[in-house]
Amino acid sequence: MATDLTEKLKILADGAKYDVSCSSSGSSRANNGGIGNAASSGICHSWTSDGRCVSLLKILMTNRCIYDCAYCVNRSSNDTQRVALTPQEVAELTIGFYRRNYIEGLFLSTGVVRSPDYTMELLIQAVRTLRSEYRFNGYIHLKLVPGADPLLVQQAGLWADRVSVNLELPTRESLLLLAPDKSRDAVVGPMRQVSSLIVSNRAERKQSRKAPRFAPAGQSTQLIVGATPDTDRQIVTLSEQLYQRLELKRVYYSAFIPTVADSRLPARPETPLRREHRLYQADWLLRYYGFSAHELLDEASPNLDSELDPKTGWALRHLELFPVEINGASYEELLRVPGIGVRSAQRIIQTRRQGHLGIDDLTRLGIVMKRARYFITARGQYVGESGLESSSLRSRLVDAPKQRCPVQLSLDLEQPVVDETASLITGEL
Amino acid sequence: MSCCYSYDGTLAGLLTLYARLLPERVAVERISAVLLDQQSLFSSEICIVTELTVAEAFWQRLNSRLSDNSLKLLRRCLLADHPEQELLIYRYLLLEAEQGQRIDGMLAHPVVASAWKLTQQVGREAHRYLGFVRFQQLQGGIYYATITPDHRILLLIGSHFAQRFSDQQWIIHDQRHGEGIVYDCSSKEWLLLPMNQESQPEITPQEEQFQQLWRNYFQTLAVPERKNLKLQQGKVPLKVRACLTEFGGTI
């Protein structure tokens with residue numbers, strides 16, 4: 001282990017870090033006589049200075065790539081140093097980090113070398129080394145290479161806990177524009193295949209508990225937000241379809257930030273990070289709150305409100321449904337009240353069996369009264385400062401703007417050229 | 001009349017106290033742990049003398065009486081490190097004696113809510129420490145980690161590490177509470193023991209390299225354009241950083 005490895009790790013981690021997938025949940029692989037197991041809740045081990053969690057050792061096998069996608073740091077026209085790890089090196093790094101409890105497992109991605117099939121085989125070889133030689137039972141997230149042979153895709157799912165292909169751009173046109181070498185079918189093909197393999201594996205496991213698991217933690221994907229003019233409506237509708245038709249576990253959103261972010265540029269109406277945050281909120285509403293995409297966004301308002309979370313936004317458009325009586329509403333109705341989440345809705349249901357709940361009880365149950373107060377009654381009592389009809393309701397619900405830090409005024413004479421293509425976001429496939 | 005009570009600071013002592021006070025439904029204002037040699041003649045506290053048989057019988061009774069939910073709550077509250085945990089538990093048990101298993105659904109009751117909140121804190125910290133433990137390989141091959149949690153969470157995280165690292169010798173040392181878990185990989189058993197650190201442990205040269213690799217990797221991973229130190233500090237509070245390799249902490 002020399003400085004050589006340090007250097008390689010640095011370059012390959014740098015290339016992989018724009019993939020936002022981080023979770024290590026959903027698999028409960030047991031430790032059968034080797035090292036490691038998977039915790040079904042997932043465990044975060046640390047958080048970097050951008051506030052994102054470190055759960056898996058996220059690296060590329062190699063950052064060499066034959067493709068030239070405009071949004072990617074590893075594109076072939078980018079002038080960076082190109083290195084590669086051997087399967088042995090990947091395994092040793094993973095085990096070394098894992099034994100010290102730095103990580104929960106491995107996230108292995110790669111640039112495409114020679115051909116998709118060749119690259120996919122490299123990845124599988126590394127994972128196989130880990131699983132059979134090192135008897136590693138921890139979490140492994142493996143990237144699928146678009147265009148790889150279906151047989152290789154199937155093998156990948158048998159070794160890994162979660163597999164993923166990144167869709168990257170929500171529409172066919174955007175993909176054509178920014179990633180001319182990748183066709184949408186080459187990306188969606190493996191996703192469809194994985195989805196049907198998961199379904200058939202579930203049936204097999206019902207027949208026999210000994211049938212090997214195929215991708216027990218399912219599959220995920222990632223979408224870039226803000227690099228193309230796609231609307232939130234297109235994105236959220238796509239996510240909904242992915243969850244419903246392909247049974248994806250997660251869709252990740254990655255805000256497109258040009259590398260040269262400059263405070264001297266005119267302030268944009270909404271920051272990309274805020275938009276990303278709102279999309280995640282909408283995503284949660286789809287998966288856990290029983291909302292559908294068309295309820296959150298429609299033709300008339302194709303983008304999410306940056307000032308309000310999507311649930312509050314929905315509630316304000318449907319004031320006729322409120323206020324809801326806490327002691328009588330069904331679980332589904334409670335879930336739709338701003339300020340009540342899955343846990344607090346469950347607690348309300350559990351607690352009100354013992355007797356009616358008053359307003360004071362709700363705070364103790366963990367309900368965010370700041371938002372909920374306008375939309376609920378408890379034993380008929382309403383405690384919002386203004387009624388639902390009030391015109392100031394919206395402004396009361398919008399988060400108070402943060403106070404600006406004083407800054408020194410200065411004249412900036414040099415205006416750097418902003419290269420929109422030299423951008424961040426996702427590393428690779 | 002409400003009173004202040006004290007016990008000798010052991011679990012048996014506390015259980016004896018509960019066994020004595022609960023049946024009488026005594027109103028209690030304060031319960032404090034007073035070590036034997038610090039007991040004073042003139043204090044107004046009533047000292048409950050530990051009796052092992054009483055404590056054991058009481059613990060058996062609790063185990064058969066309480067619902068799974070209440071037992072879990074009780075266990076976690078006992079592991080907490082909170083100035084009023086004895087009193088919180090006492091009030092909870094008092095209410096439980098009155099309400100029976102109905103108490104599981106009384107989350108909005110002030111007594112239940114405060115005990116529940118403490119339970120949540122302990123559970124949450126235990127989960128967080130599944131990630132925050134950092135082992136260092138010492139000369140001789142043992143993996144050693146130090147932690148400084150607010151609550152005594154070792155008993156809650158022991159089995160997780162025993163399953164995960166079943167083929168390595170490891171020790172997790174809670175420096176704040178002076179206790180630690182020792183795992184023996186030949187017998188596959190772990191033990192909670194009182195523990196003190198007397199000398200700086202020696203680490204292997206390979207360990208040094210891995211720590212350096214990990215620090216470099218961690219630095220690389222941050223996306224500078226998304227810098228958000230406030231969010232980071234919410235997730236990794238300063239108090240835990242002393243024991244985290246990537247934040248420059250060593251044993």
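## Domains of chain A

The centres of domain 1 and domain 2 of chain A, taken over C-alpha atoms, are 40 Å apart. Domain 1 covers 3-262 and domain 2 covers 319-382; the bounds come from an automatic or database domain assignment.

This is a predicted model: local features need pLDDT of at least 70, side-chain atom pairs count only at pLDDT 80 or more, and totals for chains, interfaces and linings use all residues. Residues are numbered from 1 along each chain as its sequence is written, with chains lettered from A and ligands numbered from 1 in the order in which they are written.

## Helix α6 of chain A

Helices (H or I, at least four residues) and strands (E, at least two) are DSSP runs, numbered from the N terminus. Helix α6 of chain A has 24 residues, 184-207. At 1.5 Å times one less than its number of residues, helix α6 should span 34 Å; its end C-alpha atoms lie 35 Å apart, which agrees.

Its buried residues are A:Val187, A:Pro190, A:Met191, A:Val194 and A:Ile198. Buried means 20 or more other C-beta atoms within 10 Å of the residue's own; exposed means 12 or fewer, partly exposed in between, with C-beta atoms placed from the backbone. These buried residues pack against α4 (150-159), β6 (162-164) and β7 (219-225) of chain A.

## Contact between chains A and B

Chain A brings 41 residues to the contact and chain B brings 40. Two residues are in contact if their C-beta atoms, placed from the backbone, lie within 7 Å. On the side of chain A that touches chain B, α1(A) gives the most, with five residues.

## Chain B

Chain B holds nine helices and eight strands. Of its 251 residues, 33% are buried. The C-alpha trace spans about 65 × 40 × 40 Å along its principal axes.
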